[in-house]
Amino acid sequence: MSPESPPAAVPAPDLSSSVEESPLQPPPGLVGLFVAFAKMSTAGFGGVLYWARRGIVDQHRWMTADEFNETYALCHFLPGPNIVNFSMVFGSRIRGIAGGIAAFAGLLAPPTAIITILAALYARYGEIDTLRRILAGVSCAAVGLLIATVLRMMTPLIKRRDVIGIILLVVVLVAVGLARLPLQAVLLVAIPISLAVTFYMRRRISA
Amino acid sequence: MNPNGNPIWTLIWTFGLMSLFAIGGANAAIPEMHRIAVDVRHWMTDKQFADVFAISQLTPGPNVLIVTLIGYAVAGVAGALAATLAMCVPTAVLAYYVSGLLARSGHSRWPGLIQAALVPLSIGLMAASGLILAQTTDRSVVAVLMTAATAILTFTTRLNPFWFLLAGGLLGFAGVI
């Protein structure tokens, strides 16, 4: 079934109810999943999450905002690129493993093609002085954007005076950023410690 | 480059393993990508690494695609594909199984606990990414100011990030940075 076809079996949305309460739309087919994720992926700059939420929750109404947050949270605690994990989980919930692959492919194929072309251009023209200067300027801004994301994520830790969380954060920053230790080694030590501390703190609070 | 074997296998092994430790997403793995691509394997220079980071931020799509650029630098189109799939497939498969497992086991308190434990580590890794990239990029006073202004304005306002990338590109083109 094409997801673009009109949802004839579904009653027309009740216009008197609020936006949040309007009914979810029927799930898309494989082609629909591919196209939807391809669109979200190539929609804009600064990450796909914003566009994924907009597409899935606001435009297509395939999930409620809460379902979206829950699914995304799962993908955030798993390793790897979050939005890629999300495409797999979302697609497979709707159409099984084939749906997962369709969403995954839609998310990755178009931008990978674009960036491979850019890579070829960079390999050929990367030494041109004007391009080097432009990229140097863009890098400065891109690093600033990354630092802003870090500040945003740190705010809740600081607000609830999570001293242990902040200590762990700084230790990882120093170990990986300054001492340049391998990621695996740092995490194989840091994850058990952080888990143990978090578990102990929660028990103490609930006790 | 790698006299002992096919560079494609090196890419697959390197990024496949790295993805499993990329807690909090691709930006958390940037220090490790930099360590391996620049310091260990000498696939690219420090400056080229900063360039591919900039290109990946300029391109629409998930920011994990910085690995596509690294893969291309190592082994052309095949390298680009190998690096991208190695970084994305293993964790997507893991996510598929974990999500199915959680759906069956109902509401466990473990996901919440694990997430709470991982968040500070993930922020620490992203902060390390910022630090490493800033050391490469911010070599002049104007460059430092540009990074600081972008960080502060993005943190405190809701301006579209694209404007900062554009401003950086224009200042670079003009030779100011």
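# A guided tour of chains A and B

Start by selecting R160(A) and D162(A): their side chains form a salt bridge, with the closest N and O atoms 3.0 Å apart. A salt bridge here is a side-chain nitrogen of Lys or Arg within 4 Å of a carboxyl oxygen of Asp or Glu. R160(A) is exposed, with a relative accessible area of 54%, and D162(A) is partly exposed at 21%. Those words have cut-offs: buried means under 20% relative accessible area, exposed over 50%, and partly exposed in between (1.4 Å probe, protein chains only).

Before moving on, keep in mind that this is a predicted model, in which local features need pLDDT of at least 70 and side-chain atom pairs count only at pLDDT 80 or more, while totals for chains, interfaces and linings use all residues. Residues are numbered from 1 along each chain as its sequence is written, chains are lettered from A and ligands numbered from 1 in the order in which they are written, and side-chain values use heavy atoms, leaving out hydrogens and water.

**Stop 1: chain A as a whole**

Show chain A as a cartoon. How many helices and strands does chain A have? There are seven helices and zero strands, and along the sequence they give the pattern α-α-α-α-α-α-α. Helices (H or I, at least four residues) and strands (E, at least two) are DSSP runs, numbered from the N terminus. Of the 207 residues in chain A, 41% are buried.

**Stop 2: two loops**

Now select R161(A), in the loop between α5 and α6 of chain A. R161(A) has a positive phi of about 50° although it is not a glycine. Most residues other than glycine have a negative phi. R161(A) counts as exposed, at 71% relative accessibility.

Next, go to R180(A) in the loop between α6 and α7 (183-206) of chain A. R180(A) is not a glycine either, and its phi is positive at about 55°. With 21% relative accessibility, R180(A) counts as partly exposed.

While you are here, pick V172(A) in helix α6 (residues 163-178) of chain A. V172(A) is buried, at 2% relative accessibility. Its C-alpha atom is separated by 7.7 Å from that of A190(A), 18 residues apart along the chain.

**Stop 3**

Over all chains, the structure holds eight salt bridges. Select D129(A) and R133(A), which form one with the closest N and O atoms 3.0 Å apart. Both lie in helix α5 (residues 129-159) of chain A, four residues apart, about one turn of the helix. R133(A) is partly exposed, with a relative accessible area of 28%.

Then display R132(A) and D51(B), whose side chains meet in a salt bridge (3.2 Å, N to O). This pair crosses between chains, from helix α5 of chain A to helix α3 (residues 46-58) of chain B. Are R132(A) and D51(B) buried or exposed? R132(A) is buried, with a relative accessible area of 16%, and D51(B) is buried as well, at 0%.

**Stop 4: aromatic rings**

A search of the whole structure finds nine aromatic pairs over all chains. Rings of Phe, Tyr and Trp (its six-membered ring) pair if their centres lie within 6.5 Å; planes under 30 degrees apart count as stacked, over 60 as edge-to-face and the rest as tilted. Select F37(A) and F90(A), a tilted pair at 5.8 Å centre to centre with 50° between the planes. The pair links distant parts of the chain, with F37(A) in helix α1 (residues 30-43) and F90(A) in helix α4 of chain A, 53 residues apart.

Jump to chain B for Y96(B) and Y97(B): their ring centres are 5.2 Å apart and their planes are at 80°, so the pair is edge-to-face. Y96(B) is partly exposed at 24%, whereas Y97(B) is exposed at 56%.

Return to chain A and select F37(A), W62(A), F68(A), Y72(A), F86(A) and F90(A), which form one aromatic cluster.
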